[in-house]
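Hello,

Here is the structure we talked about. Please open it and keep it beside you while you read the notes below.

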Amino acid sequence: MASPSSNIAAHDVAPEDMATVSRQTSIYVYEAPVRIWHWVNAAAILVLCVTGYFIGRPPPSMQIGEAVEQFVFGYIRFAHFAAGMVLTVGFLGRAYWAIVGNHHARQLFYVPVWRGHFWKEVWFEIQWYLFLAKEPKKYVGHNPLAQLAMFFFLTLGGSFMIVTGLALYAEGAQEGSLTHLLFGWVHGLVWNTQRLHTLHHLGMWWIVIFMIVHIYVAIREDIMSRQSIVSTMISGHRTFKDDRPD
Amino acid sequence: MSQIETFYEVMRKQGITRRSFMKYCALTASALGLGPAFVPKIAHAMETKPRTPVIWVNGLECTCCSESFIRGAHPLAKDVVLSMISLDYSHTLMAAAGHHAEAALQETIDKYKGNYILAVEGNPPLNEDGMFCIVGGKPFVEQLKHAAEHAKAVISWGACASYGCVQAAAPNPTRATPVHKVITDKPIIKVPGCPPIAEVMTGVITYMLTFDRLPELDRQGRPAMFYGQRIHDKCYRRPHFDAGQFVEHWDDENARKGYCLYKMGCKGPTTYNACSTVRWNEGVSFPIQSGHGCIGCSEDGFWDQGSFYDRLTNIKQFGIEANADKVGMTAAGVVGGAVAVHAAISALKRAQKKNQEKVEG
C-alpha cells in the first residue's frame with residue numbers, strides 16, 4: 001500500500017485544479033458536541049414550532065373513537081413537552097460546552113459590544129448583504145453580524161422560550177412540583193398566565209423568523225462567500241475557497 | 001357587649017341544633033381539605049373562641065360578591081357570618097344608615113383595634129383624589145385606609161379588590177386600583193372571582209376564625225386550597241381536550257356532545273379557581289358545564305385579554321386588532337419575502353460577476 005501518493009495533492013486532481021489544490025486549508029471549528037447540539041436543536045425547534053402552533057390553534061376535531069380511546073391532542077402536547085425538555089437539556093449542555101470547548105464554542109453566548117472593531121465588521125457585513133461590498137471577508141468562526149443575530153435570536157430568544165415554556169409547564173405540574181418551584185415565579189411577573197401564552201406564542205414566530213434567515217443565509221454564504229458554511233456544520237471543518245489575504 | 005359571643009352561641013341563638021352545627025363543622029373541614037381529625041377542632045374553636053369582628057367595606061363594585069356570599073350552599077355558614085357582619089359594618093346588609101352607620105364603623109374600629117378583619121369589596125379609584133367613589137361624604141380610599149390601619153388582616157373580595165376588574169380595564173379612567181397597591185403594610189388575602197364562589201368565601205372566613213391565622217397562600221396571595229389548581233386541571237371535559245375533540249361552533253354537534261370548549265376561547269387553562277370542583281349554586285353547575293367557556297374572571301386583567309371567545313389573545317399594541325399568529329405570520333411573511341427578493345438579487349449579481357470574469361478572463 002505504500003505508494004508515492006504523498007506527492008499527489010488528490011487522486012482525481014485535474015490539471016486546472018493543480019494551482020490551488022494543495023494550498024487550500026481547513027480549520028477544525030465546530031467540535032462534535034457543537035455539531036450534534038446544532039442538529040438536535042434544529043430537530044427540537046422544528047417539532048416545537050409545529051406542535052406549538054397546533055396547541056395554540058388546534059387541528060380540526062377528530063372522531064376516531066370515544067374520548068377514552070383517542071389521545072390526539074395529548075400526543076401533540078407530549079411531543080411539545082418532550083421536545084422542549086430536549087431543547088432545554090441541549091441548551092444547558094451547549095452552555096457547558098461553551099466553557100470547556102474551543103473558543104469558537106463561546107461565540108454564541110456573548111457580543112463583544114465593547115470592541116469598536118467588532119461594530120466596524122458588523123457594518124461591513126451589512127454592506128455585503130446590501131450588495132455594496134464586492135467581496136465578503138473570511139471568517140473561521142461566525143462573522144460579526146451572524147454572531148449578533150445568533151445571540152439575539154437564538155441565545156436570548158431561546159432562553160426566553162425555555163423560561164416561559166417551563167413556566168407554562170409548571171401550571172400543569174402544579175404547585176409543589178420542582179418545575180413550579182423553579183419557574184413559578186414567572187407567573188408573578190405576568191399575573192395572568194394568558195399573557196404568558198401570548199408571549200410564548202410570539203416567541204415562536206421570533207424563532208421562525210430566525211430559521212428563515214438562518215437557513216437562507218447559510219446556503220447563500222455557502223455559495224457566495226469565500227468559505228464553507230453548510231458542510232462545516234456537518235464535518236466541523238471550515239475550508240476556504242481562496243488564499244487571498246483579507 | 002362586654003363579653004363577645006362565640007360562634008356557637010350565635011348559632012344556637014338562631015335556633016340551630018347541635019347536630020346541624022356538627023354537620024357544618026364536618027362540611028367546612030372537608031371543604032377546606034382538612035381531615036376528619038379537624039372536625040372537633042373546628043367545633044371546639046367555634047364553641048370557645050370569641051368571634052372575630054369583620055368590617056365589610058364597599059368601594060367601586062357591583063355587589064356581586066355580597067350576592068354570591070349570601071347564597072352560600074350551607075345556610076349555617078352564611079347565617080353565622082352574616083349575623084356577625086351585620087352587627088358591625090356592611091353597607092348592603094346592615095340595618096343602620098347614614099351617620100349611625102358611620103358611627104358603628106368607628107365604634108368597631110375603636111373597640112377591636114388590631115383584632116378585626118377588614119373585608120373589602122370593590123376597589124378605590126385614585127384619580128381626582130378619589131372623587132369617583134364617595135362613601136359617607138369622603139372618598140372611599142380614605143375610609144379604606146382608615147379602616148385598614150388597625151385591621152388584623154385584609155380580605156380582598158372578588159376581582160375588583162384583588163386585581164381591579166372591569167373598572168380598572170384599559171384605559172381605566174378613574175384609576176381604579178386593587179387593594180394591595182393601596183394597603184401595603186397588612187397581610188392581604190385575595191379571593192378573586194367575579195364573584196368568588198360562595199363556599200370559597202365562607203370557607204376562607206371560617207378558616208381564619210377557626211385557626212386564628214391566614215390560610216396558606218399561593219404566590220399571588222390567594223388561598224392555595226381553592227386557587228391552587230386551574231379550572232382546566234379538574235375540568236370534567238378534560239378527556240375531550242386530550243382526545244382533541246373540540247366544540248368548533250356554538251350549537252354544533254360537538255357542543256351538544258359536551259366536547260372541550262378550548263377552541264371557543266375557554267380560559268380554563270389559565271384560570272385558577274375552584275369552579276370545576278366546588279361549582280356554583282349549591283354545586284348545581286358551573287359555566288363549562290352549562291356549555292360556555294370559562295372567561296377567566298378570577299384572573300388579573302381578565303377584561304383586557306382580548307375576546308372571551310378567542311384562544312389567542314388580541315394584541316392591541318400593534319394598532320389593529322391582531323393576535324399573536326397574525327403578527328407572527330405577517331412578520332415571517334415579510335422576512336420570507338425579503339429573503340426571496342434578496343436571493344433573486346444575489347443570483348443576478350453572481351451571474352453578472354461571472355459574466356464579467358469571463359469577459360475579463
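Of the 361 residues in chain B, 43% count as buried. Keep in mind that this is a predicted model.

Start with the make-up of chain B. Chain B has 14 helices and seven strands. The radius of gyration of chain B is 27 Å, whereas the globule rule gives 21 Å for 361 residues, so chain B is more spread out than a compact globule. The C-alpha trace of chain B spans about 110 × 50 × 35 Å along its principal axes.

Next, the place where the two chains meet. How many residues of chain B are in contact with chain A? There are 47, and they touch 37 residues of chain A. Two elements of chain B give two or more residues to this side: helix H11 (238-243) and helix H14 (324-360). Of these, H14(B) gives the most, with 14 residues. By type, the residues on the side of chain B that touches chain A divide into 18 nonpolar, 15 polar and 14 charged.

Last, chain A. An unreviewed UniProt entry carries the annotation "domain: Cytochrome b561 bacterial/Ni-hydrogenase", which covers residues 29-236 of chain A. That span is 70% helix and 0% strand. The end C-alpha atoms of residues 29-236 of chain A lie 6 Å apart.

Regards

Note on methods: Residues numbered from 1 in each chain as written. Chains lettered and ligands numbered in written order. Predicted model: local features only at pLDDT ≥ 70, side-chain atom pairs only at ≥ 80, totals over all residues. UniProt positions renumbered as here; feature names shortened; annotations may be inferred. Helix = DSSP H or I, 4+ residues; strand = E, 2+ residues; numbered from the N terminus. Contact = placed C-beta atoms within 7 Å. Nonpolar A, V, L, I, M, F, W, Y, C, P; charged D, E, K, R; others polar. Rg over C-alpha atoms; globule rule 2.2 N^0.38 Å. Buried ≥ 20, exposed ≤ 12 C-beta atoms within 10 Å, placed from the backbone.
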